[in-house]
Amino acid sequence: MENANQHFRRKVRLHPLEIVFWLCTLLPFVVTPNYLSLASQIAITALFALSLDLILGYAGIVSLGHAAFFGVGAYTAGLIAKHYWLEPLSSLVIAGALAGLVGYATSHIIVRFRHLALIMLTMGLGLLLHEAANSASMLTGGADGLQGFKVPSVLGFKFDMFGRAAYAYALAVLFVCFLVARRVIHSPFGLALRGIRENATRMPAIGAPSRAHLRKAYTIAAVLAGIAGALLTHTTSTVSLETLSFGRSADVLVILILGGAGRLYGGIIGAIIYMVARDQFSGANPQYWYFWIGLLLVAVVMFLPNGILGGIGALYKKSK
Amino acid sequence: MLSSLAGVLFDGFAYGMLLFLLSVGLSVTLGMMNFVNLAHYGFALVGGYATVTLVNRFGWNFFVALPLAFIVAALVSVALERSLFRRLYRATDLDQCLFTIGIAFIAIAAFSWFYTSEPQSVPAPFPRDQPIVAMGMGFSQYRAFLIVFGLAVTAFLVFFLEKTRFGARIRASVDNQRMAQGLGIDVDRAFMFTFALGGGLAGLGGALAIEVIGLDPSFALSYLLVYVLIVVAVGGLGSIGGSFAAAAVLGITDTAGKYYFPWLGSFLIYLVMVALLMWRPAGLFGKR
């Protein structure tokens with residue numbers, strides 16, 4: 001019989017399969033060197049989905065406005081690069097901190113609501129920020145976005161046209177953030193979050209400060225989303241209004257559900273499948289791409305309630 | 001200034017009536033079955049495209065096509081409810097959201113396949129739309145028609161729900177589904193009927209909206225879905241009066257905002273929504 005301490009220590013250890021997975025993420029350098037810019041987009045989206053997983057999959061907060069934090073991070077990094085300095089790591093930290101600050105401020109509103117009002121409020125706050133950025137064109141460039149800067153290198157590695165440094169940078173940041181998220185999930189705090197998700201009235205009854213926990217989780221997720229936004233700015237050297245859009249919030253939700261919420265790797269797997277499929281199928285007409293996404297959503301809800309990873313997990317259990 | 005205020009109120013109210021038609025069905029079905037139907041706007045698309053086809057291809061009069069828009073949208077909504085949606089009544093909010101957004105995506109792609117993604121239009125319903133002159137300024141005939149029509153539908157719905165036996169059954173099912181079932185009310189049938197009525201009204205709204213906001217598939221998702229959800233959430237679930245008030249406030253605020261503060265865009269409308277929801281999370285007239 002293990003005690004609580006041993007339980008958490010066992011959970012925190014990396015499973016051999018996980019090590020294999022992370023080694024596989026290095027494959028694009030060798031196998032598909034022409035698709036490295038797609039690979040870095042995937043890594044960024046995966047980080048964004050991972051941050052949503054923290055609040056949706058673990059804390060049970062359904063958000064249709066998560067792009068707000070992604071956009072705050074992207075614009076912060078863009079403004080720093082345009083007006084102040086071009087060193088990316090420090091601006092990554094600042095972007096994350098600022099997104100976290102916005103997340104902490106809004107978390108006080110978010111934790112007071114549930115169900116439809118919660119979904120509507122997250123969506124409303126996201127739309128509000130989108131419109132604000134659109135109107136404040138002095139600062140954000142409005143509909144044209146921020147342009148006219150070029151982040152040259154990270155830690156001395158030049159961002160070249162093949163996107164090697166960009167992918168390495170995005171992947172490294174994703175990995176570090178993943179370890180942080182993993183540590184958070186497998187801590188007593190992470191366990192409390194799952195408790196709140198499963199039964200929101202019982203957790204306060206056994207002495208867990210529900211709202212404080214939810215606020216903390218929301219802030220951490222906002223920081224990670226902001227870092228993902230800043231990564232996008234650094235690797236593409238532009239910021240568009242799209243980073244704040246409702247479409248981006250909806251896409252990341254689809255990605256997470258597709259992969260499987262509440263299991264850390266869900267967002268990453270979902271991002272890989274979604275982005276590769278979009279790259280291959282969307283082609284000339286993006287409208288028909290949404291047909292497939294729609295079909296996929298319907299199928300996932302009806303046949304794979306826990307996403308692709310959940311389905312694989314169920315198959316694995318059945319075979320044992 | 002004063003005359004422009006009257007114009008803004010008039011246009012805003014007409015716009016609000018459109019939003020009311022588009023959203024009242026969603027509000028009632030949400031209140032009744034707790035079913036979050038993000039594909040509700042799809043029924044408006046069905047009504048809109050049915051009208052466009054009848055008027056442009058078969059040369060029907062716009063006003064004759066309207067009842068058919070209602071019937072087609074109602075039939076489509078019942079078919080969807082019976083075949084797919086009813087399986088999800090016990091699912092979580094999130095699953096319902098995702099499933100119906102999936103249906104909405106499919107509908108949008110299907111409509112752009114058949115009708116291209118170009119905005120569609122019909123010949124003006126009032127061929128020489130002479131403004132009605134009152135108080136020294138002109139009011140569009142079509143918008144006046146919208147207001148009268150919206151008020152008539154509201155009056156009909158209120159009468160139907162408050163005064164008829166079937167309406168009483170629907171109200172009972174909204175208030176307490178289990179109790180209603182215990183009293184022998186066929187909640188399933190009442191719900192099917194409400195769903196058809198709501199879908200039909202949305203179809204009517206979609207047809208009437210062609211003249212005012214146009215009709216193209218992707219616009220539906222990014223723009224009107226958001227507006228419809230705002231009306232439902234702010235008005236309160238299952239409340240006709242709430243939807244009416246919320247739609248009117250939203251229509252007037254939006255029109256006034258775009259007229260007086262064009263640089264703010266839709267900022268004002270979202271601000272109003274967030275503020276109202278924070279003040280009353282269950283909506284203006286919501287009970288739960």
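1. The crossing of helices α4 and α9 of chain A is left-handed, a term used when the near helix is turned anticlockwise from the far one by less than a right angle, whereas clockwise would be right-handed. The model is a predicted one, in which local features need pLDDT of at least 70, side-chain atom pairs count only at pLDDT 80 or more, and totals for chains, interfaces and linings use all residues. Residues are numbered from 1 along each chain as its sequence is written, and chains are lettered from A in the order in which they are written.

2. The axes of α4(A), residues 36–58, and α9(A), residues 164–185, come within 8 Å and cross at roughly 15°, which means that α4(A) is roughly parallel to α9(A) (angles under 35 degrees count as roughly parallel and over 145 as roughly antiparallel).

3. Contact here requires C-beta atoms, placed from the backbone, to lie within 7 Å. On α4(A) the contact residues include A:Ala43, A:Leu47 and A:Tyr58, and on α9(A) they include A:Arg164, A:Leu174 and A:Phe178. By class, this contact of α4(A) with α9(A) has 19 nonpolar, 2 polar and 1 charged residues.

4. Helices α6(A), residues 88–110, and α7(A), residues 115–135, have axes that come within 11 Å and cross at roughly 150°, and therefore α6(A) is roughly antiparallel to α7(A). The crossing of α6(A) and α7(A) is right-handed.

5. The contact of this second pair is made by A:Thr106, A:Ile109 and A:Ile110 of α6(A) together with A:Leu118, A:Leu121, A:Thr122 and A:Leu125 of α7(A). These residues divide into 5 nonpolar, 2 polar and no charged.

Technical notes. Axes fitted to C-alpha atoms, helices over the stretch in contact; angles between N-to-C directions. Helix = DSSP H or I, 4+ residues; strand = E, 2+ residues; numbered from the N terminus. Parallel < 35°, antiparallel > 145°, perpendicular 65-115°, else oblique. Contact = placed C-beta atoms within 7 Å. Nonpolar A, V, L, I, M, F, W, Y, C, P; charged D, E, K, R; others polar.
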